[in-house]
Amino acid sequence: MEQLIPSLRITGLLALTGALLYAIGDVLLLASKVSLDNYPKLRPFAKLLSDAEKMVVLPPNRMIWGALIGVFATPLILAGFWQVYQGLNGANASLTLATGLLFAAASVIGAFVHGTFYYMGEYIQALNKVEDGSQSVIAEMIARHRKVLIITYAPVLIFILIASVLFSILVASGKTAFPVWMAAINPVTLTIAWMILKRMLPQFVRDWTEGAGFNIAYLVFFACTTITLWNK
């Protein structure tokens, strides 16, 4: 483990950078507010859009970079999960490998999910611009896009949930390089904590962190793993 310390530090810092970039990408894509009263052409599709109508006000460059930042940050997140995998060494080898692979798979699929929000934004803006007779074509595209999101979101959430539970079980065994208290710290528990904390924050903070909750949880998670492994 001592020989790995420099690598663990570097990959931890890379993961922190990746989580921060991902959170910025989330904010660029999702941190906006609109009223459907100001967009009468979108109002008939309120149920289909389900709050995604807020992307109608986003400049194209903001959507492009919001999507790309997250995609390009994914290798940094994967570096962080390599660090986590190394920190779990000493516990059950099969469960440790499963934890690392599940986190990695969720990150790879998650990059696709994040990137597709750019296209959702384009569809919504087109829905607001085309003639009424052409809106049904765009609405059908949005409906298909939502199906793709559901299909890809499901394994991401399931993989992260299982990996988080496994991480906590392995750390609680006391056989890893992490202190036992880290068993309470994983992406799922931190996301829940953020959802509770967010309710207490000022409105402008809630507005400007809209959609970034999961990657804020990752940021805290990697901060904890990096700090606890720094001198191991």
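Author: A salt bridge is a side-chain nitrogen of Lys or Arg within 4 Å of a carboxyl oxygen of Asp or Glu. The model discussed here is predicted.

Reader: What makes Glu210 and Lys198 a salt bridge?

Author: The closest N and O atoms of Glu210 and Lys198 are 3.7 Å apart. The cut-off is 4 Å, so the pair counts as a salt bridge. This pair links distant parts of the chain, with Glu210 in the loop between H7 and H8 and Lys198 in helix H6, 12 residues apart.

Reader: Why are Asp51, Lys54, Lys198 and Glu210 called a network?

Author: Salt bridges link the four residues. Lys54 also meets Asp51, at 3.4 Å from N to O, and this value is within 4 Å, so that pair qualifies as well. A search of the whole structure finds 3 salt bridges.

Reader: Why is Lys54 called buried, and why is Asp51 called partly exposed?

Author: Buried means under 20% relative accessible area, and exposed means over 50%. Lys54 has 9%, so it is buried. Asp51 has 42%, which lies in between, so it is partly exposed. Lys198, with 18%, is under 20% and therefore buried.

Reader: How do you know whether Val113 is buried or exposed?

Author: Its relative accessible area is 3%. That is under 20%, so Val113 is buried. Val113 is part of helix H4 (residues 93–129). Neighbours within four places in sequence aside, Val113 is in contact with Leu149, Thr152 and Tyr153.

Reader: What makes Ile192, Ile196, Leu197 and Met200 a patch?

Author: Patch residues have over 30% relative accessible area and no salt bridge, and nonpolar side chains are joined within 5 Å. Ile192, Ile196, Leu197 and Met200 form such a nonpolar patch on the surface, with about 410 Å² of accessible area together. Among them, Ile196 belongs to helix H6 (residues 187–198).

Reader: Which elements have the lowest and the highest mean pLDDT?

Author: Helix H7 (residues 203–208) has the lowest, 83, and helix H3 (residues 60–88) the highest, 96. The average for the protein is 92, and 98% of the residues score at least 70.

Key: Residues are numbered from 1 along each chain as its sequence is written. This is a predicted model: local features need pLDDT of at least 70, side-chain atom pairs count only at pLDDT 80 or more; totals for chains, interfaces and linings use all residues. Side-chain values use heavy atoms; hydrogens and water are left out. Helices (H or I, at least four residues) and strands (E, at least two) are DSSP runs, numbered from the N terminus. Buried means under 20% relative accessible area, exposed over 50%, partly exposed in between (1.4 Å probe, protein chains only). Contact means heavy atoms within 4.5 Å. pLDDT is the predictor's confidence in each residue, from 0 to 100. Patches are made of residues with over 30% relative accessible area and no salt bridge: like charges are joined within 9 Å, nonpolar side chains (Val, Leu, Ile, Met, Phe, Trp, Tyr) within 5 Å. Accessible areas come from the Shrake-Rupley method with a 1.4 Å probe; for residues, only the protein chains shown count as cover.
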